[in-house]
Amino acid sequence: MVELRLEGLCCAGCASKIESLVGKLEGVSSSSVNLALEKMEIGLGDKSKRYEIIDETKKIVSELEPDVKVYQISKTKEHTFYLNGLNCSSCASKIEGILLKNDKISDLNFSFATKKLIVESKEEKSIMRKVIQLIVDSVEDGVEVSEEKLLETSRTSLNDGALSTQKENKLVKIIKDNLRTIVGAAIVFTLILLSVPENMRIPLYLLAYILIGGDVAKRAFKNIARGQLFDENFLMTIATIGAFLLGEYNEAVMVMLFFKVGEGFQDYAVDKSRRSITSLLNIKAEYANLMVGDQIKRVEPEVLSVGDIVTVKAGERVPVDGKIIKGISTLDTSALTGESVPRSVETGDSILSGAINIDKVLTVEVTKTFSNSTVARILDMVENATGKKAKTEQFITKFAKVYTPIVVISAVLLGILPPLLGFGEFSDWISRALIFLVISCPCALVLSVPLGFFGGLGSASRKGVLVKGGNYLEALNSIDTFVFDKTGTLTRGNFVVAKVEGDRTLELAAQLEQHSNHPIAQSVVKYYGKDLLADSVSDVKEVAGQGLQGNYDGKILLVGNSRLMDNSGIKGYTNDTTGTIVHVAYDGSYIGAIYIADEIKSDAYGLSDKLRSHGAKDIVMLTGDQSEIADKVAKELKIDTVFSELLPQDKLIHVEKLIDEGRKVLFVGDGINDAPVLARADIGVAMGGIGSDAAIEAADIVLMTDEPTKILEAKYVAKKTRRIVIQNIVFALGVKIFFLTLGAIGIATMYEAIFADVGVALIAILNSMRVLRI
């Protein structure tokens with residue numbers, strides 16, 4: 001996969017052409033252009049043609065959009081090192097050869113003269129330094145691999161004078177870039193307002209046309225030479241040249257002028273929309289305050305390693321995930337979780353990157369590198385999400401490719417057939433046909449629909465809901481069955497020991513439970529509260545869905561549920577209490593029971609009724625707990641269907657059955673055992689952004705908090721996004737069909753046709769921006 005940034009790409013038609021032409025290149029398996037992110041993904045069928053494909057893509061983009069800058073987005077990181085003490089040129093050559101063969105290095109550049117080595121790798125800088133040092137040591141002694149010196153980053157603010165100068169420079173640039181259009185416009189208005197000799201009017205109109213629309217015509221003829229007819233440049237050129245030939249000089253030039261002005265506003269609206277959406281994800285810290293001895297050095301978050309110590313001052317963002325080793329403060333985590341209430345933190349607490357420190361200075365130990373931190377994962381999820389297009393978006397792309405040729409062919413027939421059949425003059429019908437051409441551009445649809453979904457993804461992320469694609473956002477609207485795992489999703493999963501029966505029950509249980517990471521096991525060990533010897537129990541094994549078995553003082557120790565007791569032939573236990581019961585048996589005899597309590601999340605109450613109001617037909621709960629516990633929770637939360645006493649694989653079977661019945665299933669879970677079910681459901685939702693990595697990877701939607709009601713917020717955003725997208729489609733097609741009809745019967749003018757093209761596109765784009773205010 002190759003990822004390219006298409007900086008400055010605003011033309012929807014050109015984006016579609018680039019996608020199509022690159023997709024036809026030899027060695028390309030797939031191509032996708034994301035106009036909102038100015039990003040292109042190219043699937044490689046033949047990796048050996050990687051650089052040829054990149055060069056050909058750059059040529060294609062340059063021909064279609066000369067002002068668009070193309071550069072590669074590298075998935076690898078570039079690390080710079082100095083090989084101090086290396087004075088042997090043959091050794092340098094050997095080192096370079098060995099480095100090139102190393103599977104951790106994708107590319108490198110080495111200068112023996114400066115001893116500077118630049119490598120590209122997916123690995124972190126600290127890891128690569130060690131790898132390179134080992135390789136260098138195997139060739140030449142006394143050579144030290146050192147990192148490039150980190151430069152201080154200075155942050156300067158613009159004062160009023162500087163800000164004023166910046167505005168002036170921007171205005172000068174706008175005038176300079178559009179000087180030809182401005183001069184052309186001045187000529188046109190002179191011809192309209194002043195009395196100009198008749199023999200000068202046509203040459204001046206022609207000059208004004210060349211100044212205003214020369215670049216449009218140039219691009220159109222280039223595209224014609226490549227066999228590409230159906231784009232806005234071609235349509236506008238043919239329409240305005242046709243108007244010229246019909247003697248409608250003023251209309252021809254003014255239509256081209258309005259087109260250029262409208263195109264400028266359209267580009268501005270697209271850029272503003274893009275910046276507004278991406279600003280929602282402006283959660284990365286610009287720098288980190290790295291402690292180096294007694295000094296603080298300002299560095300980029302990417303260079304931090306696990307174990308580094310950083311300080312976070314009031315008003316600064318946390319650069320990477322870490323643990324507070326000194327300080328008490330409050331954090332604003334709204335950008336991550338959507339929650340506006342600040343969170344109090346103190347020494348020993350873990351904190352997430354992207355949060356803003358509100359009060360006092362915190363000293364933090366880095367626990368994750370930047371690439372593995374919360375911020376990097378969020379940004380990666382959201383950016384990759386736009387590559388997964390919604391069905392509506394895919395349909396519009398296909399529709400646009402058919403719509404424009406049909407309208408153009410209709411325009412040709414409209415200009416030729418009626419006069420041949422005796423219904424009026426050729427000039428009148430050709431004028432109507434030219435109006436058809438102007439209206440036929442599908443920009444309003446091709447631009448506004450992707451921006452609508454992109455805005456929906458950004459709006460959801462601001463609420464702490466990360467949706468991994470526009471396809472999942474759209475699919476949320478068709479979900480009719482909501483399936484929840486119980487523990488950690490509907491209940492807190494914070495298990496506490498409520499009661500213990502039997503003299504040695506707690507001691508024996510703790511001896512075995514210390515070998516498990518299960519929350520219930522940990523609650524038993526915590527309640528026991530005494531030191532335990534790790535080797536006190538041998539031959540420990542987990543019995544899936546039942547509990548643990550081990551050898552304690554030469555005898556079999558069992559700790560688990562009633563099924564474990566039954567399967568082991570243990571008698572004398574009872575299950576007469578609703579709740580989680582941990583039974584303990586030793587040397588074939590029943591010892592006693594530990595009663596565990598789990599609390600239903602306050603957020604879960606009322607969820608079922610709200611989901612039903614959003615169209616849910618069935619609400620299902622899956623759990624490994626006993627039926628009595630499951631039924632009690634289901635009754636309190638008004639859940640329709642319950643499946644209890646399930647093994648991990650049973651959850652997948654039940655979800656598959658629901659899907660086979662033709663239901664659209666959404667599953668919510670938070671544990672590693674939920675990963676297969678999350679992947680199988682129509683939409684998998686991982687609860688808690690800092691939960692299981694496996695669950696988050698398998699999920700289609702990630703909730704950054706442990707609140708199940710975030711599902712409702714996701715549904716609301718999905719509903720509003722769909723409404724706005726449908727509004728754009730209906731509005732754009734409705735206006736175009738209306739003006740096409742007026743044009744066909746001779747009522748619409750060129751000016752109205754321009755509104756039906758550029759004006760409608762502009763309004764649809766602005767309407768898409770409303771998604772940001774959800």
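The model is predicted, so local features need pLDDT of at least 70, side-chain atom pairs count only at pLDDT 80 or more, and totals for chains, interfaces and linings use all residues. Residues are numbered from 1 along each chain as its sequence is written, and side-chain values use heavy atoms, with hydrogens and water left out.

I begin with salt bridges. Side chains of opposite charge can pair when their charged atoms come close. The structure holds 20 salt bridges, each a side-chain nitrogen of Lys or Arg within 4 Å of a carboxyl oxygen of Asp or Glu. In one of them, Arg432 meets Asp428, with the closest N and O atoms 3.0 Å apart. Both residues lie in helix 13 (residues 426-439), four residues apart, about one turn of the helix. Helices here are DSSP runs of H or I with at least four residues, strands are runs of E with at least two, and both are numbered from the N terminus.

Is Arg432 buried or exposed? Arg432 counts as buried, at 14% relative accessibility, whereas Asp428 is partly exposed at 35%. Buried means under 20% relative accessible area, exposed over 50%, and partly exposed in between, using a 1.4 Å probe and protein chains only.

A second salt bridge joins Lys638 and Asp609 at 3.3 Å, N to O. The pair links distant parts of the chain, 29 residues apart: Lys638 is in the loop between helix 20 (627-637) and strand 27 (641-643), and Asp609 is in helix 19 (residues 607-613).
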